Amino acid sequence: MTAPQAEPTPGNIKVTRSDWINLALETLISDGVGNVRVLTLGQKLGVSRSSFYWYFDSRQDLLDQLLKHWHDTNTTAIVERARRPAETIIMGVMNVFECWADERLFDPRLDFAVREWARRATDVRRMIDQADDERLSAIRDMYRRHGYDDEDAFIRARVLYYMQIGYYVLDLKEPVEARVSHLAAYLRSFTGQEPTDADVAHFMRFIAAR
């Protein structure tokens with residue numbers, strides 16, 4: 001999970017705003033939104049409720065910050081990489097693949113936790129739908145920039161994105177190394193083009209450096 005940047009501690013308060021958010025994120029992922037409670041979090045942090053209200057107006061304020069963090073990490077990572085300039089569609093798809101290969105960019109556990117939360121909250125369901133549309137639109141536009149017609153770009157974006165989300169929902173336990181061994185075949189499937197050895201080597205360098 002990519003944690004928010006730490007902030008200075010005001011006065012003699014023992015924990016920071018980021019400490020509250022980090023613990024709330026961990027709790028959301030492990031136990032669900034129903035267990036993200038001010039009293040429980042404060043007990044785990046060893047501080048009183050007054051520490052919480054130094055940083056947040058209410059529990060809802062904290063929940064809103066969790067959703068903002070989710071959007072600013074998971075959705076932003078996909079959109080930024082889909083929009084990143086690329087000489088070929090194969091390079092463009094590999095830019096998006098970086099999100100799937102590095103959980104510091106896209107945290108699947110957090111995404112799944114927010115989707116579970118959305119089953120019980122219509123406002124969060126709307127945010128999930130908007131995020132999916134934003135991610136899909138960025139990937140579709142990536143295909144368009146590389147000469148795919150509107151329908152082909154739309155369907156290829158769906159195939160690429162929905163396959164990956166389904167991969168997380170099914171909770172497949174395939175190591176990254178095993179998955180990237182099929183990289184060339186994935187690239188052929190998602191682009192209809194033949195990747196070069198240099199393309200594959202480029203992504204393998206990313207895997208090695210992460």
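Modeller: Gladly; what follows is a set of questions and answers about this predicted model.

Colleague: Let's start with the overall picture. How many helices and strands does the chain have?

Modeller: The chain has 11 helices and zero strands. The C-alpha atoms fill a box of roughly 60 × 35 × 30 Å along the principal axes. Of the 210 residues, 45% count as buried.

Colleague: Let's pick one residue, then. Why is Arg135 called buried?

Modeller: Buried means under 20% relative accessible area. Arg135 has a relative accessible area of 0%, so Arg135 is buried. You can find Arg135 in helix α7, which covers residues 122-145.

Colleague: What surrounds Arg135, leaving aside its neighbours within four places in sequence?

Modeller: Among its contacts are Trp70, Asn74, Phe106, Asp111, Arg115 and Tyr161. Thr75 is also one of them, and the side chains of Arg135 and Thr75 are joined by a polar contact of 3.0 Å.

Colleague: What makes that pair a polar contact?

Modeller: The cut-off for the N or O atoms is 3.5 Å. The contact between Arg135 and Thr75 is 3.0 Å, which is within 3.5 Å.

Colleague: Now to charged pairs. How do you know that Arg81 and Glu98 meet in a salt bridge?

Modeller: A salt bridge needs a side-chain nitrogen of Lys or Arg within 4 Å of a carboxyl oxygen of Asp or Glu. For Arg81 and Glu98 the N to O value is 3.1 Å, and the pair is a salt bridge. Arg81 lies in helix α4 and Glu98 in helix α5, so the pair ties together parts that are 17 residues apart in sequence.

Colleague: Are these two partners buried or exposed?

Modeller: Arg81 has a relative accessible area of 12%, so Arg81 is buried. Glu98 has 9%, so Glu98 is buried. Arg81 and Glu98 also belong to a network of salt bridges with Glu80 and Arg84.

Colleague: Which helices are tied together by Arg115 and Asp132?

Modeller: Their side chains meet in a salt bridge at 2.7 Å, N to O. Arg115 lies in helix α6 (residues 108-118) and Asp132 in helix α7, so this pair ties together parts that are 17 residues apart in sequence. Both Arg115 and Asp132 are buried.

Colleague: What about Arg156 and Asp152: what separates them in helix α8?

Modeller: They are separated by about one helical turn because they are four residues apart in that helix. Their side chains meet in a salt bridge at 3.0 Å, N to O. Asp152 is called partly exposed because its relative accessible area is 28%, which lies between 20% and 50%. A search of the whole structure finds 18 salt bridges.

Colleague: Finally, the nonpolar parts. Which residues have the most contacts inside the largest nonpolar core?

Modeller: That core has 35 residues, and those with the most contacts inside it include Val93, Phe97, Trp100, Ile139 and Phe203. Helix α5 gives the most to this core, with 10 residues. Another core, of 29 residues, lies apart from it, with Trp70 and Ile128 among its members.

Colleague: And what does Phe203 contact, leaving aside its neighbours within four places in sequence?

Modeller: Phe203 is in contact with Met94, Phe97, Glu98, Ala101, Val180 and Leu183. There you meet Glu98 again, the salt-bridge partner of Arg81.

Definitions and conventions
Residues are numbered from 1 along each chain as its sequence is written. This is a predicted model: local features need pLDDT of at least 70, side-chain atom pairs count only at pLDDT 80 or more; totals for chains, interfaces and linings use all residues. Side-chain values use heavy atoms; hydrogens and water are left out. Helices (H or I, at least four residues) and strands (E, at least two) are DSSP runs, numbered from the N terminus. Buried means under 20% relative accessible area, exposed over 50%, partly exposed in between (1.4 Å probe, protein chains only). A polar contact is a pair of N or O atoms within 3.5 Å; within protein, one must be able to donate a hydrogen and the other to accept it, and residues adjacent in sequence count only if both atoms are side-chain atoms. Contact means heavy atoms within 4.5 Å. A nonpolar core is a set of buried Ala, Val, Leu, Ile, Met, Phe, Trp, Tyr and Cys residues joined through side-chain atoms within 4.5 Å.
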